[in-house]
Amino acid sequence: QVQLVESGGGLVQAGGSLRLSCGASGSIFSINRMAWYRQGPGKQREFVAHLSSGGSTNYADSVKGRFTISRDNAKNTVYMQMNSLQPEDTAVYYCNMHVTGAAGWSAYWGQGTQVTVSS
């Protein structure tokens, strides 16, 4: 079993910054993919950022130039630096990892962390 624990959310004024963290623990042989999603009030969960095993990144158009996804392999942790935050960024943010363990490949989700941006 693998668990993802998120931290770093909170309240911030428009134009401010936050850094989200998501650490994986459990039986982990390798992490093949890391990503962030978010779900705003009354909306479906949507893709935000992706980091491949090869190091390439991909971002939703709404966050390009403002958000940066990165990782620390030694800590099995993915980060997302969020700059120039806007009220439209208000959402619960979820990390996602594709993990290879004893039972093979599986996808896991974090518990979610709330980001609220005030105007």
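So, Gln-3 stands opposite Ser-25, which sits in strand β3. That is one spot where β1 and β3 come together: six bridges join these two strands, and they run antiparallel. When I say strand, I mean a DSSP run of E with at least two residues, numbered from the N terminus, while helices are runs of H or I with at least four residues. And two strands pair if DSSP finds at least two bridges between them.

Before I go on, a word about what we're looking at. This is a predicted model, where local features need pLDDT of at least 70 and side-chain atom pairs count only at pLDDT 80 or more, while totals for chains, interfaces and linings use all residues. Residues are numbered from 1 along each chain as its sequence is written, and side-chain values use heavy atoms, with hydrogens and water left out.

Okay, back to the strands. β1 and β3 belong to an open sheet of four strands, in the order β1-β3-β8-β7, with antiparallel pairing. At the edges you find β1 and β7, each of which pairs on one side only. From one strand to the next, the twist averages 15 degrees; for angles like that, axes are lines fitted to C-alpha atoms, for helices over the stretch in contact, and the angles run from 0 to 180 degrees between N-to-C directions.

Buried here means under 20% relative accessible area, exposed is over 50%, and partly exposed is in between, using a 1.4 Å probe and protein chains only.

Now the turn. The hairpin of β7 and β8 has four residues between the strands, and in it Asn-76 takes a positive phi near 50 degrees. That's a positive value in a residue other than glycine. Asn-76 is partly exposed, with a relative accessible area of 25%. Ser-84 is another one to look at: its phi is near 50 degrees too, again positive in a residue other than glycine. You'll find Ser-84 in the loop between β8 and β9, and it is partly exposed at 40% relative accessible area.

How many salt bridges does the structure hold? Four, where a salt bridge is a side-chain nitrogen of Lys or Arg within 4 Å of a carboxyl oxygen of Asp or Glu. Arg-38, Glu-46, Arg-66 and Asp-89 are linked in a network of them.

Let's walk through it. Arg-38 bridges to Glu-46, with the closest N and O atoms 2.8 Å apart. Arg-38 counts as buried at 5% relative accessibility, whereas Glu-46, at 35%, counts as partly exposed. Arg-38 also meets Asp-89 in a salt bridge, 3.0 Å from N to O. Asp-89 lies in the loop between β8 (77-82) and β9 (91-101) and Arg-38 in strand β4 (residues 30-39), so this pair ties together parts that are 51 residues apart in sequence.

Asp-89 itself is buried, with a relative accessible area of 1%. Its other partner here is Arg-66, with the closest N and O atoms 2.8 Å apart. This pair links distant parts of the chain as well, since Arg-66 is in the loop between β6 (57-59) and β7 (67-72), 23 residues from Asp-89. Both Arg-66 and Asp-89 are buried.

Last stop, the nonpolar core. By that I mean a set of buried Ala, Val, Leu, Ile, Met, Phe, Trp, Tyr and Cys residues joined through side-chain atoms within 4.5 Å. In soluble globular proteins, nonpolar side chains tend to be buried together. Here the largest core has 30 residues, and Trp-36, Met-80, Met-82, Tyr-93 and Met-97 touch the most other members. Strands that each supply at least two residues of this core include β1, β3, β4, β5, β7, β8, β9 and β11. Which strand gives the largest share of this core? That's β9, with five residues.
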